[in-house]
Amino acid sequence: MDWLKFFRGEKKTSAQTAKERLMLAVAYQRSGQANGPSYLPRLREELLGVVRKYIQVPDDAVQFSVQREDGLEVLELNITLPDQ
Amino acid sequence: MAKIIVVTSGKGGVGKTTTSASFATGLAMRGHKTAVIDFDVGLRNLDLIMGVERRVVFDFVNVINGEATLKQALIKDKQFDKLHILAASQTRDKDALTQEGVERVLNELAQDFDYIVCDSPAGIEKGAFMAMYFADEALVVTNPEVSSVRDSDRVLGILSSKARRAERGEDKVKEHLVLTRYNPTRVSKGEMLSVDDVKEILAIPLLGVIPESPSVLTCSNSGVPVIREEGTDAGAGYRDLVGRFLGEDLPHRFITEQKKSLFSKLFGAP
């Protein structure tokens, strides 16, 4: 009953839900985590370990992404250091 | 110089072979010499959709292995003499398609044809990769449905990173969205992703919308590419798509709900 939904304020259609879910799924795929080399998660963990030998950083301090430019695969690493 | 176009999707059952058959037929109908190749080694299907299954003597793998010449293996369409079909092999050997072999066949075809259409198998395994690798342009066939859209996005990622054009640092493969099984009535009810939703998520230009249509099945029953059927909406969708591919500026149809006339309501005309 579509008109009942109107009174209940349930406005989100299943197509809208689908779109929102897809946006997230696709963003994850494009970030390179889904199709990057399989060693990436381990590399990230180990790097985090090395950084922590010298300075305390939170879990999300090491960010990486795989990008493709002009036929080259570029692994970009960002290590955010906390404010002194 | 021949143009190589891959018809791909990632997901199976979205209409790749239907699109390959109609697209290749449409190019030939417009006077362009066109070859269409079935890359689905082990699961040959294009020959059935195009109604030439009883005329397959040699196939793609026979040509790659040197067991037949290209001339012997190409099947000339009975209706359109500019249209040629190269069937997939039914061998189960997955390694039958070698990169060198495929390249050699494509190079030989390129001397003679204007367009080479590669009908990719589903998935992202070797056959699909071989169909994509040499492409200049890609028709990404997508249904307005979550798994199909995500798989299409995955395939777009592979095209932009792993295709020969990407490896050589040339201009990237030109991508076209083909939205099939579109049902405007369900879209207006909020039950189906709209053209704009899919365009926004995949971010590639739209080449054509093919409405969900019973004629796709009835045409495949008799081995006639749906583009040849006058008076069907799916056929008209494919004819528009071919026109746009060839550079014509045609407005998109079948995106909004068609109101049924009183006559068709009363007499049940489609």
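The paragraphs below lead through a predicted model, from chain A to chain B. Residues are numbered from 1 along each chain as its sequence is written, and chains are lettered from A in the order in which they are written. Because the model is predicted, local features need a pLDDT of at least 70 and side-chain atom pairs count only at pLDDT 80 or more, while totals for chains, interfaces and linings use all residues; side-chain values use heavy atoms, with hydrogens and water left out.

Chain A holds three helices and two strands, arranged along the sequence as α-α-α-β-β; helices (H or I, at least four residues) and strands (E, at least two) are DSSP runs numbered from the N terminus. The pLDDT, which is the predictor's confidence in each residue on a scale from 0 to 100, averages 78 in chain A, where 75% of the residues score at least 70. Confidence in chain A is lowest in helix α1 (residues 2-8), with a mean of 59, and highest in helix α2 (residues 14-30), with 89. Where pLDDT is low, the predicted coordinates should not be read in detail.

Of the 84 residues in chain A, 23% are buried, a word that here stands for under 20% relative accessible area, with exposed meaning over 50% and partly exposed in between (1.4 Å probe, protein chains only). A:L47, in helix α3 (residues 40-54) of chain A, counts as partly exposed because its relative accessibility is 22%. A:L77, in strand β2 (residues 72-79) of chain A, is partly exposed as well, at 37%.

Helix α5 (residues 99-110) of chain B has 12 residues and spans 16 Å from its first C-alpha to its last, close to the 16 Å expected at 1.5 Å a residue, where the expected span is 1.5 Å times one less than the number of residues. Its buried residues are B:G101, B:V102, B:V105, B:L106 and B:L109. They lie on the same side of α5(B), because they cover an arc of only 130° around the axis, the arc being that of the directions from the helix axis to the C-beta atoms.

B:R181, in strand β7 (residues 174-182) of chain B, has a positive phi of about 55° although it is not a glycine, and at 45% relative accessibility B:R181 counts as partly exposed. B:F254 lies in the loop between α12 (233-245) and α13 (262-267) of chain B; its phi is near 65°, a positive value in a residue other than glycine, and at 13% relative accessibility B:F254 counts as buried.
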